[in-house]
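I opened the model today and kept these notes as I went. The entries follow the order in which I looked things up.

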Amino acid sequence: MVEAGMETSQSVVPRRPSTAAGHAPTPEHSEPPLPAGACDLVTVPSRQGLEAVDILRRGACEAVGPVLHDDGGRTLGFVVPPGTAAAWDVPGSTCTETNGRGLSLNPRPPVEGSDWLLPPGDADLATDPAVLRAALGEAARIIAAADNCR
């Protein structure tokens with residue numbers, strides 16, 4: 001889901017995820033609406049991403065912004081505020097800095113071979129990076145527990 005001309009930041013250093021009560025931003029800490037084309041994109045494996053979407057949607061308020069998926073079903077991309085890529089540090093994920101290029105928040109998917117899981121019209125706010133980090137950590141623990149039960 002990364003296009004040419006975009007910078008990426010991939011975490012290689014394990015770090016404890018930060019926590020966010022209920023995985024939902026409060027009104028005073030919610031991300032503002034995104035200006036057209038100004039966002040970064042956190043890409044994760046689909047299994048972890050789908051679990052994180054479920055965790056975020058069960059929260060007390062709207063905590064998940066637009067989410068892309070690739071047609072192959074391998075990855076999900078969470079729209080996050082611009083500047084997130086500079087400090088993204090979650091193992092197993094990549095954050096792409098778009099600089100307003102290559103990703104547009106309109107009903108048409110921005111990357112060929114992708115589609116919206118949660119389209120911009122249904123979720124106009126970017127996903128809060130701290131809330132996403134916590135949800136991805138919780139999703140990884142749930143998946144590990146499920147895999148260890150087999």
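Which residue's side chain meets that of R74 in a salt bridge? I found D70, with N to O at 3.7 Å, where a salt bridge is a side-chain nitrogen of Lys or Arg within 4 Å of a carboxyl oxygen of Asp or Glu. R74 counts as exposed at 60% relative accessibility, whereas D70 counts as buried at 8%; here buried means under 20% relative accessible area, exposed over 50%, and partly exposed in between, with a 1.4 Å probe and protein chains only.

**Ground rules**

I note that this is a predicted model, in which local features need pLDDT of at least 70 and side-chain atom pairs count only at pLDDT 80 or more, while totals for chains, interfaces and linings use all residues. Residues are numbered from 1 along each chain as its sequence is written, and side-chain values use heavy atoms, with hydrogens and water left out.

**Overall layout**

I listed two helices and six strands for the protein chain, taking helices (H or I, at least four residues) and strands (E, at least two) as DSSP runs numbered from the N terminus. Read along the sequence, the pattern is β-β-α-β-β-β-β-α. Of the 150 residues of the chain, 45% count as buried.

**Salt bridges**

How many salt bridges does the structure hold? I recorded three. In one of them, R47 pairs with D147, and the closest N and O atoms are 2.8 Å apart. R47 belongs to helix 1 (residues 46-57) and D147 to helix 2 (residues 129-148), so this pair ties together parts that are 100 residues apart in sequence. Both ends are partly exposed, R47 at 41% relative accessibility and D147 at 33%.

I then looked up R133, which forms a salt bridge with D89, the closest N and O atoms lying 3.1 Å apart. R133 sits in helix 2 and D89 in the loop between strand 4 (75-80) and strand 5 (94-97), so the pair ties together parts that are 44 residues apart in sequence. Both R133 and D89 are buried.

**The loop between strand 4 and strand 5**

I stayed with this loop for A86, which is also found between strand 4 and strand 5. A86 counts as exposed, at 70% relative accessibility. Its C-alpha atom is separated by 8.0 Å from that of E97, eleven residues apart along the chain.

**Nonpolar cores**

Which residues touch the most other members of the largest nonpolar core? Among its 22 residues, I noted V42, L56, V67, F78, W88, L132 and L136; a nonpolar core is a set of buried Ala, Val, Leu, Ile, Met, Phe, Trp, Tyr and Cys residues joined through side-chain atoms within 4.5 Å. Strand 2 (40-45), helix 1, strand 4 and helix 2 each supply at least two residues of this core, and the largest share, five residues, comes from helix 2. Apart from it I found another core, of five residues, including L41, L68, V79 and W116. As general background, nonpolar side chains in soluble globular proteins tend to be buried together.

**How the helices meet**

I next took up the two helices, since two packed helices are described by the angle between their axes and the distance between the axes. The axes of helix 1 and helix 2 come within 8 Å and cross at roughly 120°, where axes are lines fitted to C-alpha atoms, for helices over the stretch in contact, and angles run from 0 to 180 degrees between N-to-C directions. That makes helix 1 oblique to helix 2, because angles under 35 degrees count as roughly parallel, over 145 as roughly antiparallel, 65 to 115 as roughly perpendicular and the rest as oblique.

I also looked up A52, a residue of helix 1 that is buried, with a relative accessible area of 0%. The C-alpha atoms of A52 and L132 are separated by 7.6 Å, although the two residues are 80 apart along the chain.

Where is the cysteine sulfur nearest to that of C39? I found it in C95, 9.7 Å away, which is too far for a bond. The structure holds zero disulfides, a disulfide being a pair of cysteine sulfur atoms within 2.5 Å. C39 is buried, with a relative accessible area of 1%, and C95 counts as buried at 0%.
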